[in-house]
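Dear colleague,

I am passing on the structure we spoke about, together with some notes on what turned up when I went through it. Please read the notes with the structure open beside them.

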Amino acid sequence: MRSKKSFFSQAALHLVCIVLLVIIIFPLLWMISSSLKAPKELFSSGINLIPQQITWENYATVLREYDFFHWLCNSVATTVGIFVLQVLIALMGAFALGYYKTRWNSVMFYFVIITMVIPFQVTMIPNYILVSKMGLINQWGAVILPYTASATTFFFLFQQVRGIPKAYYEVSRIEGASSRWAFFHVMMGLCKASIAAVSILTIIDAWNLYFWPLLVLSSPSSRTLTIALKQFADYEVGDNWGPFMATATMASLPVIIAYALFQRHIIDAFVASGIKG
């Protein structure tokens, strides 16, 4: 009797997971399908996930008539800048609070954590004024600078760093190693999985930024892929859905591939951070 109940509960759980998977993945499949459809089929009343006739014209139109590679370059530059600086600063903060004990450690830790509950709308105007006075409007630095420090990234890495025995650091210091050497070769070496996991999450978040780049990148030459998508919307002649879907598909590929390659590190690191006290 118990085995039957277990079987039905497992079957129900798998059914729910399948339904959720279909709901989540259907928009992605519809985007890819729409990018391969001709305009006549794209605006037909039927719902066909598989195109009746596959065409690559939408992709050719984007690459031929739009500045796609310039948008891609801007997105890559801002994403790499945010990723490198945010992870490096969070690592240095976690290393400092984890290995250098002072009476201000707890104060600094909670001060950083409190910033996690401050909404973006509160800091948006001060950040805009700051980057404007620095002359960074329509430059990569306007997007990168406000995201160089993240309390969420710091907290995630701090959970990993504080779980590393301090004996490793103390032994390296006894052997004559500097703090810089211990940081790059001891601490970073022992946190490779966590760094890989938080790096992918940071890259995905930075790649998908929309509202802030929309505020600070107003010139056509500085647009990233996410804000360039809005130019396919034309209120006079209608939305250009075919090229729009093609651009969205190409913009999604880098983060999809990155997540597929490193998803194991993400899961392992989150599980590890949850069991450490």
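Which element gives the most to the lining of the largest pocket? That is α8, with seven residues. Before the rest, two remarks on how to read this: the model is a predicted one, in which local features need pLDDT of at least 70 and side-chain atom pairs count only at pLDDT 80 or more, while totals for chains, interfaces and linings use all residues. Residues are numbered from 1 along each chain as its sequence is written, and side-chain values use heavy atoms, with hydrogens and water left out.

**Pockets**

The largest pocket has a volume of about 930 Å³. Of the 33 residues that line this pocket, T115, A149, S150, A151 and T152 are the closest to its centre. The elements that give two or more residues to its lining are α4, α5 (105-114), α6 (120-133), α8, α11 and α14 (241-275); helices here are DSSP runs (H or I, at least four residues), as strands are (E, at least two), numbered from the N terminus. By class, the lining of the largest pocket has 21 nonpolar, 11 polar and one charged residues, where Ala, Val, Leu, Ile, Met, Phe, Trp, Tyr, Cys and Pro count as nonpolar, Asp, Glu, Lys and Arg as charged, and the others, Gly among them, as polar.

Grid points are joined across faces, edges and corners, and a volume is the space filled by probe spheres set on the points.

The second largest pocket has a volume of about 160 Å³, and its lining is made up of L28, M31, W207, N208, A251, S252, V255 and I256. The lining of the second largest pocket divides into six nonpolar, two polar and no charged residues.

**The cavity**

A search of the whole structure finds one cavity of 30 Å³ or more, and the volume of the largest cavity is about 60 Å³. Its lining consists of S75, T78, T79, V143, A206, W207, L209, P213, T224 and T226. The elements that give two or more residues to that lining are α4 (68-99) and α11, with α4 giving the most, three residues.

Helix α8 (residues 151-161) packs with helix α11 (residues 192-207) at an angle of about 170 degrees, their axes being 10 Å apart. That makes α8 roughly antiparallel to α11, since angles over 145 degrees count as roughly antiparallel, under 35 as roughly parallel, 65 to 115 as roughly perpendicular and the rest as oblique. The axes are lines fitted to C-alpha atoms, for helices over the stretch in contact, and angles run from 0 to 180 degrees between N-to-C directions. On the α8 side, T153, F156, L157 and Q160 meet S194, I195, A197, V198 and T202 in α11, contact meaning heavy atoms within 4.5 Å. The residues of this contact divide into five nonpolar, four polar and no charged.

Q86 lies in helix α4. Leaving out residues up to four places away in sequence, Q86 touches Y147, T148, S150, T153 and T202. At 7% relative accessibility, Q86 counts as buried (buried means under 20% relative accessible area, exposed over 50%, and partly exposed in between, with a 1.4 Å probe and protein chains only).

**S34 and M245**

S34 is placed in helix α1 (residues 2-35) and is buried, with a relative accessible area of 1%. Apart from its neighbours within four places in sequence, S34 is in contact with L42, N58 and M245. M245, in turn, lies in helix α14 and is buried, with a relative accessible area of 14%. The C-alpha atoms of M245 and N58 are separated by 8.2 Å, although the two are 187 residues apart along the chain.

Best wishes

Terms used: 1 Å grid on protein atoms, 1.4 Å probe; cavity = no way out; pocket = protein on both sides within 12 Å on 5 of 7 lines; lining within 4 Å.
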